[in-house]
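Take a look at the model below. This report walks through some of its parts, one at a time.

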Amino acid sequence: MEKQSIYGLTIEELTAWFLENGEKKFRAAQVWEWLYIKRVRDFSEMTNLSKNLIAKLTTQFMINPLKQMVVQEASDGTVKYLFELPDKNMIETVLMRQEYGLSVCVTTQVGCNIGCTFCASGLLKKNRDLTAGEIVAQIMMVQHYFDERQKGERVSHVVVMGIGEPFDNYDNVMNFLHIINEAKGLAIGARHITVSTSGLANKIKEFANNGLQVNLAISLHAPNNEIRTSIMRINRRFPIEKLMDAVDEYLEKTNRRITFEYIMLNQVNDRPQHAQQLADLLKDKKKLTYVNLIPYNPVSEHDQYTRSTKADVLKFYDVLKKNGVNCVIRKEHGTDIDAACGQLRSKQMKKHIFE
């Protein structure tokens, strides 16, 4: 049986393990510091622990469950990683250089079952959820990558927008958030973390009660049920009416702004009338909502979709702005590598299948 990654334990869980195993509470704080401040990669490097304790830890846990398979660096500084898990499944992680710092986009599942017809992530169906340790390890692998280059750079922001539906792996994702947010560890501020969902209304309501000041983004991509159902299978289960009911509850309980992600698909959801429908949908939520217009990254397997023209994107943007909707056109990252989420993994999987 594969050992658990120690990265998957919150500070409270790690402390409990030490106490249950006859060790002093302060030892947990020491190990936490070794993992996240000094960022060692082997228990033997924890020099203030006894050999007996190191043996206990080594028997019970591994540190990093990921193996780096492919790294692609784009001209704009974006870095895309393909990692192999202990069971030989593969996942993607992306590092983006932003004006405000280094932002990492993490994956939460092996494959995805949400069924968005434009998305590369869903080309390979969900195999399993990632553990909290496997999600944390993505941050640590990226941080180690920069530590090795001795640039003194630190991962400062995290977006949970990689392969998979985060709220379909809710408990592991919540543990991940608590681990990276811990002030005595990575100390990534809650307001520097964004979790994206395709619209699991029941989980949005649960998320409203979790107490973390983490940002929420919703992949909307359409202003009405007809279009949304045609491009996002999840809309059959949670149509826009149910989704907006959950949004209203979230806004009432948290008073925190929600970002709506909107991929621009040529002649599908990018007409001025669609922009007006979107503005009408959000008219009573304008103070606490924000629309992110996203250029489409073409996927060869989904050749029915093409990118909206710049002129159409600007027309759409203008309609929203005239209606008082806060919106922005997302800056693209990594356009000279496998830009769409899931493309690198899909390409490598095909390579393994056909070689």
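How many bridges pair E5 and strand E6, and in which sense do they run? E5 and strand E6 (residues 101-105) pair in the antiparallel sense, over five bridges. Keep in mind that this is a predicted model.

## Strand E5 and its two partners

Strand E5 covers residues 90-98. Is it mostly covered or mostly open? It is mostly covered: seven of its nine residues are buried.

On one side is E6. Two residues lie between E5 and E6, and the two strands form a hairpin. Two bridge pairs can be picked out here. Valine 94 has cysteine 105 in E6 as its bridge partner.

E5 has another partner, strand E4 (residues 79-84). This pairing is antiparallel too, and it runs over six bridges. Within it, tyrosine 81 has threonine 93 of E5 as its bridge partner. E4 and E5 also form a hairpin, with five residues between them. In that turn, lysine 88 has a positive phi of about 80 degrees.

Now zoom out. E4, E5 and E6 belong to an open sheet of 10 strands with mixed pairing. The order is E3-E4-E5-E6-E9-E10-E11-E12-E13-E14. Which strands are at the edges? They are strand E3 (67-73) and strand E14 (327-329), and each of them pairs on one side only. On average, neighbouring strands of this sheet are turned by 20 degrees against each other, direction ignored.

Helix H4 (residues 132-148) packs on the sheet. It touches E3, E4, E5, E6 and strand E9 (155-160). The direction of H4 makes about 55 degrees with that of E5. Helix H11 (residues 310-322) lies across strand E12 (258-264), strand E13 (289-295) and E14. H11 runs at about 165 degrees to E14.

Helix H4 holds histidine 144. Is this residue buried or exposed? Histidine 144 has a relative accessibility of 3%. The cut-off for buried is under 20%, so histidine 144 counts as buried. Leaving aside neighbours within four places in sequence, histidine 144 is in contact with Tyr7, Arg39 and Arg41.

Arginine 39 sits in the loop between H2 and H3. Its relative accessible area is 23%, so arginine 39 is partly exposed. Which residues does it contact, apart from neighbours within four places in sequence? They are Glu33, Trp34, Met140, Gln143, His144 and Asp147. Take glutamine 143: it is 104 residues from arginine 39 along the chain, yet their C-alpha atoms are separated by 8.8 Å.

## Helix H3: two faces

Helix H3 spans residues 51-60, and its residues Leu53, Ile54 and Leu57 are buried. Why do the buried residues line one face of the helix? Seen down the axis of H3, they fall within an arc of 100 degrees, so they line one face.

The face turned away from that buried side carries the exposed residues Lys51, Asn52 and Thr59. What covers the buried residues? The cover includes helix H1 (11-20), helix H2 (25-36) and strand E2 (61-62).

H4 gives the largest share, three residues.

## Histidine 274

A last stop is histidine 274, which is placed in helix H10 (residues 272-281). Its relative accessible area is 9%, so histidine 274 is buried. Not counting residues up to four places away in sequence, histidine 274 touches Pro223, Ile227, Tyr262, Val268, Asn269 and Phe316.

Terms used:
Residues are numbered from 1 along each chain as its sequence is written. This is a predicted model: local features need pLDDT of at least 70, side-chain atom pairs count only at pLDDT 80 or more; totals for chains, interfaces and linings use all residues. Side-chain values use heavy atoms; hydrogens and water are left out. Buried means under 20% relative accessible area, exposed over 50%, partly exposed in between (1.4 Å probe, protein chains only). Helices (H or I, at least four residues) and strands (E, at least two) are DSSP runs, numbered from the N terminus. Two strands pair if DSSP finds at least two bridges between them. Axes are lines fitted to C-alpha atoms, for helices over the stretch in contact, and angles run from 0 to 180 degrees between N-to-C directions. Contact means heavy atoms within 4.5 Å. The arc is that of the directions from the helix axis to the C-beta atoms.
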